[in-house]
Amino acid sequence: MAYEFARIGLAAGDRLADLWDAIVVSNAKWSVFDAAAGANAKTYRCNDAPNNVDFYVYVNDNQADFSIVELWGDWDEVGHAGVGDSIGGTADKFRIHSVGGVHVCVSDHRVLLGCSWNAMGYYIGQPIRFDTTKNMPFYIGGGDNTSNFYNALGRFHLVGDTPWQTLWDHLGNVGVILGPWGYNSAYKFARTCRGTYVFEDTVVYENTNKICLGYLDGVCHLCTASQGFRNGEIITCEDGDWLILGGTYSTKYWAALRLQ
Amino acid sequence: MAWTSDTHDASAGKFIDVLDTLLVAAHATWSVYDAGMPANEKVYRCYDPAAAPVVDFYLHVKDNQVDYAEVLMYDSWDNVGHSYAHDTGLKVIYGAAGANVPYICKKNGGYYFSSHDHRFIYIDKTEWEANYVGMLEYPTTYQRPRIQHPVMIVNSTGYASGPNPLGRVLNWSNLIVSRAMMGARGQGMAEVRQWGATSGYRYWGCADGGVHLRPTWIYCYSNLLLLGRMRTVASGYDQAPFDNDDTVTIDGAVWRYVEGTYGTRFSCFIKQE
């Protein structure tokens, strides 16, 4: 795993250059699969066959400020088009506003972003899976809503605002909605009577059969349990530094992101 | 630590027998502090000056009736006058309201008992109610509280309805008592609740066919600070397809499922140790 604080440009294409090409693909499991997927668009692959991980992230960065992303099961780098199953390609787009200062955490199987501009977190990739024979890439992040920035990693699935979806669930179903363990409980408190904090990776379930798929790697879902949090504060715990984000909308949905 | 499965009838004194045998006889930290009480009543002390923080609390157990024992927690006891020595308010004598006295169901039939130097868990196998009395725990790497926060998460006068306290950790009418003798800032009779209360979206089943179990963190309801966790209790909610007394084995440890007999299933898994 690797963490760094990146400074990412505002213009079209900057997120490809500053984030995905400069940081994400430095992990050997991530690569540029199609560098000509469109104007200011590329497709990246996360491939770790021995561990049953293989998915594609199409990143359309042909506009300022944000990227539109889609997750695909396969990709045709000659025809420059997705193949097979996908999520994010419908009217309700997945948008990632990774501009300015961004906390970037990259592991073999997922990218975790903590964005300073809108105080939102984004999760692209696998959880720490309970069944490692299953390929289950998630997208948890922003949707169509470009003005009311709820923090997706502290909230729950809402079409357009804060999608929580998996490309495939454990049964191979496409686009299944996900939920954080404890869902919208406002009682997810993390502060101890010593003034320290306890953050634990959140368990995620699929919302059809209520089966737990795995832990969000480095994300503690806190919902509206504010505990005096402020956007952007970093809390040092026994297991490392955690970034606190709640979104910039008036209603804050808090999450802690482990900066590793 | 020990896990016991045994039976008794519902008559007076049977719960005291359990405590005498499985706590006092087995753990140097537990003692009978006042044996001069009326018939089928005793006061127990849990005292461990070497613990951090120091553990010292008293349980007044009134086991002089069938089906249940009344259990009260205090920070001191006068074993000459046979009464609460000095009322500081640091005690647990009721739940949601004054009439909701802490009860532990001990009906005729089997029970499970998990003993520990600083706490016990008693599970009645007729109503399938799991009760937690004593200290919470912290991961060894975390800073521990400076003062003790012993808790009572038990039933109340409505125990016969079958709600499982460890599946719904909060004060609830005459059904569940959930308090710490001392809260986060040292205040008495502090209500405690479980992390994630009262969500119904606390699922067990995993994609690999197993279950996901995690120790239950407990927070002080008045100021929302974590007091510690029930290391051997994973609290959830209404989790079919499990039934009372089912078990799962994780890394060699057996966890037993308890959900009560109430209409809504308030479920938990308890590690057998």
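Two strands are taken as paired if DSSP finds at least two bridges between them. The structure described here is a predicted model. Its scores are ipTM 0.92 and pTM 0.95. Chain B has an average pLDDT of 95, and 99% of its residues score at least 70.

In chain A, four strands make up an open sheet with antiparallel pairing. Their order is β17-β20-β19-β18. Strands β17 (219–223) and β18 (234–237) of chain A form the edges, and each pairs on one side only. From one strand to the next, the twist averages 25°. Within this sheet, β19 (residues 240–245) and β20 (residues 254–258) of chain A run antiparallel and are joined by four bridges. Trp242(A) has Arg258(A), in β20(A), as its bridge partner.

Chain A also contains an open sheet of ten strands, again with antiparallel pairing. The strand order is β1-β8-β9-β10-β12-β13-β14-β15-β16-β11. Strands β1 (2–8) and β11 (128–129) of chain A each have a single partner strand, so one side of each lacks a neighbour in the sheet. Both strands therefore stand at the edges.

Further along the order, β14 (residues 174–180) of chain A meets β15 (residues 203–206) of chain A. Three bridges join these two strands, which run antiparallel. Pro180(A) stands opposite Val204(A), a residue of β15(A).

Helix α1 (residues 14–21) of chain A lies across β1 and β8 (100–106) of chain A. The helix runs at about 160° to β1(A).

Methods:
Residues numbered from 1 in each chain as written. Chains lettered and ligands numbered in written order. Predicted model: local features only at pLDDT ≥ 70, side-chain atom pairs only at ≥ 80, totals over all residues. pLDDT = per-residue confidence, 0-100. Contact = placed C-beta atoms within 7 Å. Axes fitted to C-alpha atoms, helices over the stretch in contact; angles between N-to-C directions.
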